[in-house]
Amino acid sequence: QVQLVESGGGLVQPGGSLRLSCAASGIIFSIYSMGWYRQAPGKQRELVATITSGGGNTNYADFVKGRFTISRDNTKNTVHLQMNSLKPDDTAVYYCNAAHWRRADYWGQGTQVTVSS
């Protein structure tokens with residue numbers, strides 16, 4: 001069975017940092033583009049960052065550019081999101097996504113990030 005399991009969320013003060021991780025199993029990880037999405041209470045799920053299957057290209061939502069970095073390790077079937085300079089508006093559940101043009105998308109269950117004083 002396919003599983004994407006997120007970890008690393010928690011409570012952090014404004015200006016602080018967190019590193020999210022997503023461990024994938026049950027898929028050929030190296031052929032999937034990976035992404036991080038987030039959903040805040042009362043809002044739609046939105047794209048945070050994506051990375052291509054080989055890790056050569058990344059893209060970011062404007063609201064995280066310069067603060068967040070997505071990376072992957074295809075030898076470990078993991079993708080990460082380093083989050084720096086966190087703001088209260090970053091508070092959300094963060095979800096890991098695996099996407100391929102010929103295959104179904106897969107989603108993790110999410111990890112809560114709360115940025116508060």
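Author: Aspartate 90 lies in the loop between strand 8 (78–83) and strand 9 (92–100), where strands are DSSP runs of E, at least two residues, numbered from the N terminus. This is a predicted model, in which local features need pLDDT of at least 70, side-chain atom pairs count only at pLDDT 80 or more, and totals for chains, interfaces and linings use all residues. Residues are numbered from 1 along each chain as its sequence is written, and side-chain values use heavy atoms, leaving out hydrogens and water.

Reader: Why does aspartate 90 count as buried?
Author: Its relative accessibility is 1%, and buried means under 20% relative accessible area (1.4 Å probe, protein chains only), so aspartate 90 counts as buried.

Reader: What does aspartate 90 touch?
Author: Leaving aside residues up to four places away in sequence, aspartate 90 touches Arg38, Arg67, Phe68, Ser85, Val113 and Val115; contact means heavy atoms within 4.5 Å.

Reader: What makes cysteine 22 and cysteine 96 a disulfide?
Author: Their S to S distance is 2.1 Å, and the rule asks for cysteine sulfur atoms within 2.5 Å, so the pair qualifies.

Reader: Why is the disulfide of cysteine 22 and cysteine 96 called left-handed?
Author: The torsion about its S-S bond is about -85 degrees, so the disulfide is left-handed.

Conventions. Helix = DSSP H or I, 4+ residues; strand = E, 2+ residues; numbered from the N terminus. Buried < 20%, exposed > 50% of the residue type's maximum accessible area, 1.4 Å probe, protein only.
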